[in-house]
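Hi everyone, thanks for coming.

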Amino acid sequence: MASSQANLEKMHLRQSYRNLWHTDIMGTMQADFPYCCLALWCGPCVSYMLRKRALYNDMSRYVCCAGYMPCSGKCGESRCPEFCLATEVFLCFGNSVASTRFLLQDEFNIQTTQCDNCIIGFMVCLQQVACIFSIVAAIVGSEELSEASQILNCMSDLVYWTVCACMQTQHKIEMDKRDGKFGPQPMAVPPVQQMSRIDQPTPPPAGYAPQPAYGQPYGGYPPPDQGYPPAGYPQGGAYPPPAQGYPQGGAYPPPAQGYPQGGAYPPPGYPPQGSYPPPQGSYPPQGYPAK
């Protein structure tokens with residue numbers, strides 16, 4: 001019971017894995033076609049070699065079905081692991097392929113892509129449909145159903161052996177990557193950095209794409225309807241542009257009605273002489289409404 005719960009927890013944990021297979025199932029034929037053919041015609045032998053390689057050729061670590069089945073650890077694997085592995089790959093070929101896959105996924109935190117899941121799910125569903133048709137044809141005794149069940153069985157067997165061969169090729173490529181047979185991954189060369197100088201208007205870009213020039217559309221925004229600067233804009237560095245009623249010749253702020261001119265502040269006659277501040281002791285001022 002505890003092992004079943006642990007396997008369920010591992011299944012949920014695999015959904016959070018972030019690494020991907022080096023090659024998906026659809027690309028295994030292109031990646032290693034000879035090995036894919038070998039896995040198609042000698043599936044159990046390839047499964048034996050891959051499981052032993054997944055255990056780093058240390059058969060003392062072998063457990064039946066990699067510990068993912070209820071029979072794991074109960075078949076006398078410790079006394080003769082090679083014989084038990086040979087029995088597993090010939091009598092439980094599908095489980096041996098799936099167990100090697102789970103073993104690699106848990107070791108390298110590899111998730112299965114949705115495309116691979118759809119292929120594996122289609123294989124399983126087709127087997128179930130073929131099995132149901134065979135049972136119905138045997139019960140009813142109809143020749144049409146019997147022929148249909150035979151066609152479905154042939155299709156399901158073809159899909160099953162093809163998918164298993166591609167999966168085993170995928171496992172082999174992943175272990176080639178683990179063992180460094182593809183060589184070290186080349187490191188990306190960092191971009192050339194430049195030191196900014198005082199005579200530069202803007203510092204050079206370092207690791208980022210150069211920014212568009214002033215007046216050019218940025219980030220795909222549509223260009224303005226008219227050019228920049230717009231018509232009527234002051235030339236020769238005059239800023240801000242003249243506007244209607246705006247002072248010329250540097251006069252600021254604009255003259256207003258009643259506003260003092262010539263820098264006189266406060267304006268004459270404001271406030272009347274002698275009315276501000278009020279004399280001490282006369283608060284509130286005279287004329288203030290009393291309560």
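Here's one to start with: is Arg-53 buried or exposed? At 17% relative accessibility, Arg-53 counts as buried, where buried means under 20% relative accessible area, exposed means over 50%, and partly exposed is in between (1.4 Å probe, protein chains only).

Quick housekeeping. This is a predicted model, so local features need pLDDT of at least 70 and side-chain atom pairs count only at pLDDT 80 or more, while totals for chains, interfaces and linings use all residues. Residues are numbered from 1 along each chain as its sequence is written, and side-chain values use heavy atoms, with hydrogens and water left out.

Okay, back to Arg-53. Its side chain meets that of Asp-176 in a salt bridge, 2.5 Å from N to O; by salt bridge I mean a side-chain nitrogen of Lys or Arg within 4 Å of a carboxyl oxygen of Asp or Glu. Arg-53 lies in helix H4 and Asp-176 in helix H8, so the pair ties together parts that are 123 residues apart in sequence. Helices, by the way, are DSSP runs of H or I with at least four residues, numbered from the N terminus. Both Arg-53 and Asp-176 are buried.

Arg-53 also forms a salt bridge with Asp-179, and there the closest N and O atoms are 3.1 Å apart. Asp-179 sits in the segment after H8, 126 residues from Arg-53. Asp-179 counts as partly exposed because its relative accessibility is 39%.

Asp-176 has another partner, Lys-172, at 3.0 Å from N to O. Those two are 4 residues apart in helix H8, so they are separated by about one helical turn. Zooming out, the structure holds 7 salt bridges, and a network of them links Asp-32, Arg-53, Lys-172, Asp-176, Arg-178, Asp-179 and Lys-181.

The charged end of Lys-172 sits over the ring of Tyr-35, 5.1 Å from its centre, and the charged end of Arg-178 sits over the ring of Tyr-56, at 4.1 Å. The cut-off there is NZ of Lys or CZ of Arg within 6 Å of the ring centre and within 35 degrees of the ring normal.

Now the rings themselves. How many aromatic pairs does the structure hold? There are 4, counting rings of Phe, Tyr and Trp (its six-membered ring) with centres within 6.5 Å; planes under 30 degrees apart are stacked, over 60 edge-to-face, and the rest tilted. One of them is Tyr-68 with Phe-102, edge-to-face, 5.5 Å centre to centre and 70° between the planes. Tyr-68 is in the loop between H4 and H5, while Phe-102 is in H6, 34 residues apart. Tyr-68 is buried at 12%, whereas Phe-102 is partly exposed at 27%.

Phe-102 brings us to the largest pocket, as Phe-102 is among the residues nearest its centre. A pocket here is an open set of points on a 1 Å grid over the protein atoms alone, where a 1.4 Å probe fits, with protein on both sides within 12 Å along at least five of seven lines; lining residues have an atom within 4 Å of a point. The lining has 22 residues, and H6 gives the most, with 7.

That's my tour, thanks!
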